[in-house]
Amino acid sequence: GGRVMKNVTGYDLVKLMAGSWGTLGVLTEVALKVLPAVEAEETLVIEGLAPEQAVAVMSAAMSTPYDVSGAAHLGGDAPRTCVRLEGFGDSVAYRAKQLSAELGRFGAVSLAGAGSAALWQQIRDLAPFHGAEGDVWKISVKPSDGPAVVARLGGAPVVMDWAGGLVWALMPQGTNLRPLLGGIAGHATLVRGGPDTHARLGTFHPEAPGVAALSTGLRRRFDPRGLFNPGLMSAGKEA
């Protein structure tokens, strides 16, 4: 029976501007909602899993009532599948014990302990790619499609986050990754690459014709003079 303030008139400018990469205007003021830092965290680690097994582990963990706050997989010669729990100390300890028992069917479960925060910093910063030559791609798909994406990359170094729905890939310089993903719904963004590669492939995944027309119309209305990052979202020459 409470009063409701509806906010459905016109564009949702907050989300529209935040997702426009500076092509619609300039944000002059930003308000952030912050929460207290967690009291404790723990990360469950299973080593040696293939991407398919890793996604099965992460999916199983996310389906439990133990309030998982992170699920990622570091590929490479020594793959690690990581599941994070956060909260009050006693709660984290209890949930870690219960979840370890749940995931034990997938392999030996170890606890990162004091190294948990550093582990997630490595995942956040894509530490396996540091100092390595190549282009960095961000691929967003359904978590269940994550292993199929990895399989099509020909053994390229990968980091999977969002329980498999976000795949970071390190590809040889100049590689057009997008054709390799044909038939898999999602999008691939070129995050790190040379200027020539960005010009040839485009930074962002090519939009469907209807969406591209809407995007172009919005930019014309918000930025009729073409001042704000013109061409940033344009399709590359090979799109």
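Which residues form a nonpolar patch on the surface?

**View 1. A nonpolar patch on the surface of the predicted model.** The patch is formed by Leu27, Val30, Leu32 and Val34, which together have about 470 Å² of accessible area. One of these residues, Leu32, lies in the loop that runs between helix H1 (13-18) and strand E1 (40-47). Leu32 counts as exposed because its relative accessibility is 72%, and the cut-off for that word is over 50%.

**View 2. The largest pocket and the residues that line it.** The volume of this pocket is about 810 Å³, and its lining is made up of 34 residues, of which Phe204, Glu207, Ser215, Arg219 and Met233 lie nearest the centre. Two or more residues of the lining come from each of H1, strand E5 (135-141), strand E8 (186-192) and helix H7 (209-222). Among the contributors, H7 gives the most, with six residues. By residue type, the lining of the largest pocket divides into 14 nonpolar, 14 polar and six charged residues.

**View 3. The salt bridge between Glu238 and Arg200.** The side chains of Glu238 and Arg200 meet with a distance of 2.8 Å from N to O. Because Glu238 lies in the segment after H7 and Arg200 in helix H6 (residues 195-201), the pair ties together parts that are 38 residues apart in sequence. Glu238 is partly exposed, with a relative accessible area of 42%, and Arg200 also counts as partly exposed, at 26% relative accessibility.

**View 4. The salt bridges of Arg124 with Asp125 and of Glu86 with Arg84.** The count of salt bridges in the model comes to three, and two of them are described in this legend. In the pair of Arg124 and Asp125, the closest N and O atoms are 2.8 Å apart; Arg124 is exposed, with a relative accessible area of 60%, whereas Asp125 is partly exposed, with 31%. In the pair of Glu86 and Arg84, the closest N and O atoms are 3.9 Å apart, a distance that still counts because the cut-off for a salt bridge is within 4 Å. Glu86 counts as partly exposed at 23% relative accessibility, while Arg84 is buried, with a relative accessible area of 17%, since the word buried applies under 20%.

**View 5. Two residues other than glycine with positive phi, Leu126 and Ala163.** Leu126, whose phi is near 55°, lies in the loop between helix H4 (116-124) and E5. Leu126 counts as buried, at 11% relative accessibility. Ala163 has a positive phi of about 60° although it is not a glycine, and this residue is found in the loop between strand E6 (158-161) and strand E7 (166-171). Ala163 likewise counts as buried, at 11% relative accessibility.

**View 6. Ala188 in strand E8.** Is Ala188 buried or exposed? At 0% relative accessibility, Ala188 counts as buried, and the strand in which this residue is found, E8, is one of the elements that give two or more residues to the lining of the largest pocket. Along the chain Ala188 and Leu218 are 30 residues apart, and their C-alpha atoms are separated by 23 Å.

Terms used:
Residues are numbered from 1 along each chain as its sequence is written. This is a predicted model: local features need pLDDT of at least 70, side-chain atom pairs count only at pLDDT 80 or more; totals for chains, interfaces and linings use all residues. Side-chain values use heavy atoms; hydrogens and water are left out. Patches are made of residues with over 30% relative accessible area and no salt bridge: like charges are joined within 9 Å, nonpolar side chains (Val, Leu, Ile, Met, Phe, Trp, Tyr) within 5 Å. Accessible areas come from the Shrake-Rupley method with a 1.4 Å probe; for residues, only the protein chains shown count as cover. Helices (H or I, at least four residues) and strands (E, at least two) are DSSP runs, numbered from the N terminus. Buried means under 20% relative accessible area, exposed over 50%, partly exposed in between (1.4 Å probe, protein chains only). On a 1 Å grid over the protein atoms alone, a cavity is a set of points where a 1.4 Å probe fits but cannot get out, and a pocket is an open set with protein on both sides within 12 Å along at least five of seven lines; lining residues have an atom within 4 Å of a point. Grid points are joined across faces, edges and corners, and a volume is the space filled by probe spheres set on the points. Ala, Val, Leu, Ile, Met, Phe, Trp, Tyr, Cys and Pro count as nonpolar, Asp, Glu, Lys and Arg as charged, and the others, Gly among them, as polar.
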